[in-house]
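Please keep the sequence and the model at hand while reading.

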Amino acid sequence: MSKISDSIRKSFKENDTVRDSGLETPETIMRFDDIAYGKDRRFQMLDIYRPKDREGEPLPVIVSVHGGGWIYGDKETYQYYCMDLAQRGFAVVNFSYRLAPEYQFPAALEDTAAVFCWIEKNAEAYGLDTGNLFAVGDSAGAHILGLFTVMCTNPEYAENYSFAVPKNMRLSAIALNCGEYVTSTDEKENYLMKLFIKEMLPEKGSERELKLLNVPEQITEDYVPCFVMTCIDDFLKDSAPLVVQKLTECGIPFVYRMYGDKQNRLTHVFHCNIRLPEARRCNDEECAFFRSYIK
């Protein structure tokens, strides 16, 4: 691991620890922790959270793909955000995936596909209604989720990978939050993306890799409904309109939200800070969007 990656991990961890200080598992939530979905017991683990008052009832599912610049993050970092979503009447799957630079692209995408395969096989045991399957992702997680959804809806794109997505499952809708969706070797590219290209890509950003990583370019008319969100001081806010433009061209239903204003300077992935009124509003609106697609 590079010194830069190590420094970023420590900095991000300090900020997340402060954000979640004092939070505990809500009394209303039942949790199933540290379930292996792969062979790597450090990274390939997941938790499931459900409302206690819905025990024994199959619930619509939200899968959370965490952020962290492709080099940081795990399910522990996202547990309180995910349990907050579960309180809105969903079964939430919160998982860790293999991180760069120890594991390069497409490891995180492969792990995401493996989680959905695990859900397909274990849905009954945990009361997961896979007929109503949703997903959220933020920052790097939004990028990963965007690509995974492309794999599920664009067979030509999926042929680029040696692993497959579940054949008998379909996402009903997704939420892409504060994401980066187009990678570039342009000198003006943001710092995290430059690090991503250096640390995560085996070919250091070849033309082939950059095409594979371009979410809007791969979206087709078969993509799923999207809630696309960013905020006033999100350093990645210029990326969201690129997805919105392609969704519009393809006739895909979507909601686009820019949260915050000049008096309320919301920043990147603010929605994970569940103490914020604006986070509650965003998460309420995304869950309402999902409920509008429940069969």
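A residue is called buried when its relative accessible area is under 20%, exposed when it is over 50%, and partly exposed in between, with a 1.4 Å probe and protein chains only. By that criterion, buried residues make up 59% of the 295 residues in the protein. The model is a predicted one, in which local features need pLDDT of at least 70 and side-chain atom pairs count only at pLDDT 80 or more, while totals for chains, interfaces and linings use all residues. Residues are numbered from 1 along each chain as its sequence is written, and side-chain values use heavy atoms, with hydrogens and water left out.

**Overall form**

The protein has 10 helices and eight strands, where helices (H or I, at least four residues) and strands (E, at least two) are DSSP runs numbered from the N terminus. Its C-alpha trace spans about 50 × 45 × 40 Å along the principal axes.

A contact means heavy atoms within 4.5 Å. Among the contacts with a separation of 6 or more, 76% are accounted for by residues 24 or more positions apart. The protein exposes about 13000 Å², of which carbon and sulfur atoms supply 49%; accessible areas come from the Shrake-Rupley method with a 1.4 Å probe, and for residues only the protein chains shown count as cover.

**Nonpolar interior**

A nonpolar core is a set of buried Ala, Val, Leu, Ile, Met, Phe, Trp, Tyr and Cys residues joined through side-chain atoms within 4.5 Å. The largest such core has 67 residues, of which Leu 46, Val 63, Phe 105, Leu 109, Ile 174 and Tyr 223 touch the most other members. Helix H3 (residues 107-126) contributes the largest share of this core, with nine residues. Apart from it lies another core, of 32 residues, which includes Met 83, Ala 86, Phe 227 and Cys 287.

Leaving aside residues up to four places away in sequence, Leu 46 touches several residues, among them Phe 32, Ile 35, Tyr 37, Val 93, Phe 95, Val 115 and Trp 118. Thr 149, whose place is in helix H4, counts as buried at 0% relative accessibility. With the same exclusion of residues up to four places away, Thr 149 touches Leu 171, Ile 174, Tyr 223 and Val 224.

**Backbone features**

| Residue(s) | Feature | Value |
|---|---|---|
| Ala 100 and Pro 101 | cis peptide bond | omega about 0° |
| Phe 105 to Pro 106 | cis peptide bond | omega near 10° |
| Trp 70 | positive phi | phi near 70° |
| Ser 139 | positive phi | phi near 55° |

Pro 101 lies in the loop between strand E4 (91-95) and H3, and the place of Pro 106 is also in the loop between E4 and H3. Trp 70 is found in the loop between strand E3 (59-65) and helix H2 (79-86), where it is buried with a relative accessible area of 5%. Ser 139 lies in the loop between strand E5 (128-138) and helix H4 (140-153), and at 8% relative accessibility Ser 139 counts as buried.
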